[in-house]
Amino acid sequence: METLRIGLVGTGGIGRTHIERINNTLQGGKVVACADPASAFAFRLPRSTASRASKTPST
C-alpha cells in the first residue's frame, strides 16, 4: 500500500490531535508538512512527527 502524504494547516490543540491520529492510527497516512500562523507550534512539531514546517502569514 502506498502512503498518503498529508499536509495540515493549523497546529493548535485540535491540529496536534489530528497529526497524532493520522501518524499513529490511520493506516497508510502520514503527516509530512504543517503550517501555522503561530510558527512556534508548527516548528516544534516536526521533531516529533518527522514533518516539515512552514510559517504562514498572519492577517
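## Basis and confidence

Residues are numbered from 1 along each chain as its sequence is written, and side-chain values use heavy atoms, with hydrogens and water left out. Because the model is predicted, local features need a pLDDT of at least 70 and side-chain atom pairs count only at pLDDT 80 or more, while totals for chains, interfaces and linings use all residues.

The protein chain averages a pLDDT (the predictor's confidence in each residue, from 0 to 100) of 76, and 64% of the residues score at least 70. Confidence is highest in strand S1, at a mean of 88, and lowest in strand S3 (residues 52-55), at 59.

## Overall fold

The protein chain holds two helices and three strands, which are DSSP runs numbered from the N terminus (helices H or I, at least four residues; strands E, at least two). From the N terminus on, these elements follow the order β-α-β-α-β.

Of the 59 residues in the protein chain, 27% are buried, where buried means under 20% relative accessible area, exposed over 50%, and partly exposed in between (1.4 Å probe, protein chains only). Among contacts (heavy atoms within 4.5 Å) with a separation of 6 or more, 42% are between residues 24 or more positions apart.

## Helix H1

H1 has 12 residues and reaches 17 Å from its first C-alpha to its last, close to the 16 Å expected at 1.5 Å a residue, the expected span being 1.5 Å times one less than the number of residues. The buried residues of H1 are Gly15, Ile19 and Ile22; seen down the helix axis, they fall within an arc of 70° and so line one face of H1, the arc being that of the directions from the helix axis to the C-beta atoms. On the face turned away from this buried side, H1 carries the exposed residues Ile14, Glu20, Arg21 and Asn24.

Leaving aside neighbours within four places in sequence, Ile6 is in contact with Ile22, Leu26, Gly29, Lys30, Val31, Val32 and Ala33. Leu26 lies in the loop between H1 and strand S2 (29-36) and is partly exposed, with a relative accessible area of 42%.
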